[in-house]
Amino acid sequence: MSGLYFDDMQVGQTFQHDIRRTVTEADNVFFSALTHNPARLHLDEEYCAQETEFGSRLVNSAFTLGLMVGISVGDTTLGTAIANLGWDEVRFPKPVFHGDTLRVETEVIDLRDSRSRPDAGIVTFLHRAYNQRGDLVASCKRSGLQRKRPEKTA
């Protein structure tokens, strides 16, 4: 288990995740197909080259969101999360294209004890994804229910 318990986190704690990922055409096409998203922006290269300001297909933003959060799991919540509670303020300030390599950083921005579960707390993360040029391409706040460190018994 590499995730942290609620008690081990501090507001302001920042993680520079080691995993980086180059997004491929297959990632984008498969994800768009699996989620029944037929948007031409993700699937039609000719349309994007001729009819959009981008000149090439854009990576599906839901894939980018999932990848950004997924990269963070090993350092933060793997084996210690009880549940994902929600995503807020999801933003995509710049597009992601096939061949972009993303890196992710995560900051703990809020911690509070759970009112209903004495063995858990609620952590709020701010995730940020950057491409190989250092451009911010995605961000979101994510709240999760996180296990507290088990009490030792005598």
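Colleague: Is Asp-44 buried, exposed or partly exposed?
Modeller: This is a predicted model, where local features need pLDDT of at least 70, side-chain atom pairs count only at pLDDT 80 or more, and totals for chains, interfaces and linings use all residues. Residues are numbered from 1 along each chain as its sequence is written, and side-chain values use heavy atoms, with hydrogens and water left out. Buried means under 20% relative accessible area, exposed over 50%, and partly exposed in between (1.4 Å probe, protein chains only). Asp-44 has a relative accessible area of 25%, so the word for Asp-44 is partly exposed.

Colleague: Which residue forms a salt bridge with Asp-44?
Modeller: A salt bridge takes a side-chain nitrogen of Lys or Arg within 4 Å of a carboxyl oxygen of Asp or Glu. Here the closest N and O atoms are 3.6 Å apart, and the partner of Asp-44 is Arg-40.

Colleague: How many residues apart in sequence are the parts tied together by Arg-128 and Glu-105?
Modeller: These two form a salt bridge, with the closest N and O atoms 3.0 Å apart. Helices (H or I, at least four residues) and strands (E, at least two) are DSSP runs, numbered from the N terminus. Arg-128 lies in strand S5 (residues 120-130) and Glu-105 in strand S4 (residues 101-113), so the separation is 23 residues.

Colleague: And Asp-113, which side chain does that one meet in a salt bridge?
Modeller: Asp-113 is partly exposed, at 46% relative accessibility. The N to O distance of the bridge is 2.8 Å, and the partner is Lys-148.
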